Amino acid sequence: MYFLEGPPRFLFFTGKGGVGKTSLSCAAAVHLAEQGRRVLLVSTDPASNVGQVFGQTIGHTVTPISGVQGLDALEIDPQAAAEVYRQRIVGPVRGVLPEGVVAGIEEQLSGACTTEIAAFDEFTALLTDSALTGRYQHIIFDTAPTGHTIRLLQLPGAWSGFLEAGKGDASCLGPLAGLAKQRTQYKAAVEALADPLLTRLVLVARAQRAALREVARTQEELAAIGFTQQYLVINGVLPPAEAARDPLAGAVFQREQAALDAIPEGLKARPCDHIELKPFNLMGLDTLRQMLTDAPSTLEVSPDSPVALDAPRLADLVDDIAADGCGLVMLMGKGGVGKTTLAAAIAVEFARRGLPVHLTTSDPAAHLTDTLDASLECLTVSRIDPQVETARYRQHVLETKGKPLDAQGRALLDEDLQSPCTEEIAVFQAFSRVIREAGQKFVVMDTAPTGHTLLLLDATGAYHREVARRMGNTDMSFTTPMMQLQDPKRTKVLIVTLAETTPVLEAAHLQADLRRAGIEPWAWIINTSVAAASVRSPLLGQRAASELQEIQAVAHHHANRYAVVPLLKEEPIGAERLHALIYPRT
C-alpha cells in the first residue's frame with residue numbers, strides 16, 4: 001500500500017461520510033502497531049464509531065486497544081469541545097456586557113464554524129503536546145481538518161479588536177474570536193500539517209464519478225493552501241471475479257471501471273491504492289487485519305441466499321408529497337449519498353404528473369442539468385453558481401456595511417468576506433429567492449453538504465429573529481425563510497443516507513440539529529441499497545444482509561417515515577433512468 005510506505009509522524013484520513021475512512025484509519029493503525037510501532041489513533045468525527053469498530057468503549061481519554069500492543073485510541077467529541085470553546089469566550093463577559101451583546105456573541109458561536117474550530121482546537125493541543133506525542137511514533141487522525149477550517153486559521157486579521165469595535169457582522173468572526181491567545185500555537189500546528197516530512201493526508205473515495213469529482217475538489221483546495229503530501233485511496237472496489245456471477249454485479253463493475261478510467265486530472269499524479277470491497281462488515285480486529293490485503297478472506301461468509309426486504313418505495317413518499325399540490329421539498333445529507341440524483345428524480349416525477357416544478361441545485365459539477373429531458377414542459381431547472389452569488393454578496397456587503405468603515409475596518413471586512421462561510425450564506429440567499437415560488441408550485445432543492453447546510457440555517461435563523469424583533473410592535477404579518485422551513489405544510493425535509501453505519505449516524509446527528517432549529521424532518525431516504533436489489537453475487541449478498549440492521553434502525557428508531565431506493569444496474573442519469581429510482585424495474 002503506497003499510503004503506508006515510509007509513513008511520517010502524522011497521518012490524516014479525510015473523505016465524505018460512508019467512504020470508509022474510519023475503517024481505513026483503524027486498519028492502518030493496527031497494521032503499524034503490529035509492526036512494533038507505538039501508535040495513537042484519534043477520531044474527530046462527530047459520528048465517530050471507532051469504539052464500535054474495535055468493540056470497546058473509548059471516549060475522550062487515551063485508551064489502550066485490547067489485543068493490539070502499542071495501539072491507543074482517543075475519540076474527540078466535537079459538540080462537547082464546541083460547548084467548552086463557547087464558554088471560554090462567553091463566560092468572562094457574562095454579567096459584564098449587556099445581555100443583548102452577550103446574546104449576540106452566543107448567536108455568532110452557534111454555527112457549524114464554531115464546531116469545526118473547536119475540534120481543531122482540541123487536536124491542535126495534541127499536535128503541540130510534546131509530552132504526549134513523544135510517546136508515539138505515529139499519530140493517526142480519522143477525519144482531517146477541512147480546507148475550510150485551515151483557511152479560517154490562516155486569516156491574519158485582528159479579529160478580537162474588529163469585533164469589539166462593533167465592525168464585525170459577517171460570517172465567521174464570532175467563532176474566530178477565541179483564537180487570539182492561541183494564534184502562535186495554531187500557526188505552528190498549521191505549519192506542521194503542511195510539512196511533508198511530518199504529515200501525510202490520505203484522501204479516501206469510492207469508485208464513483210461524483211465521489212471522485214468531489215475528492216478532486218478537496219485535493220485542489222488543500223494543495224492551494226500548501227498541503228501537497230496527498231495520497232489517494234479508492235475504497236470498496238468490486239472485485240473482477242464478482243462481475244461474472246451476477247448481472248447487477250457486472251453492471252456495477254463496469255460502472256466503477258468507467259469512473260476509474262475517467263479519474264480527474266488532478267488525482268492522476270497522486271499515489272493511489274485500490275482496496276477491494278469486502279463481503280463482511282469491518283468490525284473487530286480480524287476484519288481490520290484483512291482490509292489491507294487482497295488475499296482470499298479467511299472469515300466465514302454466509303451462504304448465497306436472497307435477502308427478503310419489504311420496505312416502502314420512494315414512489316410512496318412522492319405520492320404523499322404530490323397530494324399537496326405545491327410546496328418546498330429539501331433534500332439534505334452528507335456529500336456522496338446521492339442527494340442531487342434523488343432531487344432530480346423527484347422533480348422529474350412531479351413533472352411527469354403534470355405538476356409545475358422548479359428543480360434547483362448548487363452542485364458545482366451540475367452533471368444532472370445537462371442530462372434532464374428538456375421536453376418535460378412542467379419542469380424548470382436552475383443551477384445556483386456559488387462563485388457568482390458570492391461575488392454579488394461580497395459587493396453588497398462592502399457597499400452597505402463597509403460604507404461607514406475607515407480604511408482598516410473595510411480591509412478587515414473584505415478579508416473576512418474571503419472566508420468559505422461567505423459562500424454558504426450567499427448561496428442560501430439565492431435559494432431563499434427561489435423558496436418564494438413554493439406557494440404556487442413545487443420547488444425541489446438539492447442542498448449543500450450537511451455541515452454547510454446547517455451553517456446556512458443558522459444564518460436564516462438569525463435573519464428570522466431580527467425580522468421578528470423589528471416587527472414585534474406592529475400588526476404587520478410576515479413570513480421568513482426559517483418560518484417556511486419550520487412549517488411541515490409548506491416544507492418537506494427529506495434526509496438522504498446510505499444503509500451503512502457511519503452515514504446513518506451522521507444522518508441522525510443532522511436530524512437532531514434540525515430539530516434544535518425547530519425543523520422536523522418529514523422522511524428519510526435510504527439510497528443505493530443492495531438489500532433492495534435482486535442479487536446473486538455471494539459478495540453482494542453478504543453486503544445486502546449487513547444492510548438490514550441499519551435499515552431497521554432507520555425504520556424503528558430514527559424516521560417518522562422512510563423509503564428504500566435500490567442499487568440500479570445503470571447509472572441514474574437522464575429522465576428515464578431517474579424514473580427507475582421512483583419505480584424500480586423488478
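**Note on helices and salt bridges**

1. Glu 265 counts as exposed, at 60% relative accessibility (exposed is over 50% relative accessible area, buried under 20%, partly exposed in between; 1.4 Å probe, protein chains only). This is a predicted model: local features need pLDDT of at least 70, side-chain atom pairs pLDDT 80 or more, while totals for chains, interfaces and linings use all residues. Residues are numbered from 1 along each chain as its sequence is written, and side-chain values use heavy atoms, without hydrogens and water.

2. Glu 265 forms a salt bridge with Lys 268, at 2.9 Å from N to O (a side-chain nitrogen of Lys or Arg within 4 Å of a carboxyl oxygen of Asp or Glu). Both lie in helix H14 (residues 265-268), three residues apart (helices are DSSP runs of H or I, at least four residues; strands are runs of E, at least two; numbering is from the N terminus). Lys 268 is partly exposed at 47%.

3. In helix H18 (residues 386-400), Arg 392 and Glu 389 are also three residues apart. Their salt bridge has its closest N and O atoms 3.2 Å apart. Glu 389 is buried at 11%. Arg 392 is partly exposed at 47%.

4. Helix H11 covers residues 209-224. Its buried residues include Ala 211, Val 215 and Leu 222. The buried residues of H11 fall within an arc of 140 degrees, so they line one face of the helix (the arc is that of directions from the helix axis to the C-beta atoms).

Notes: Expected span 1.5 Å × (residues − 1).
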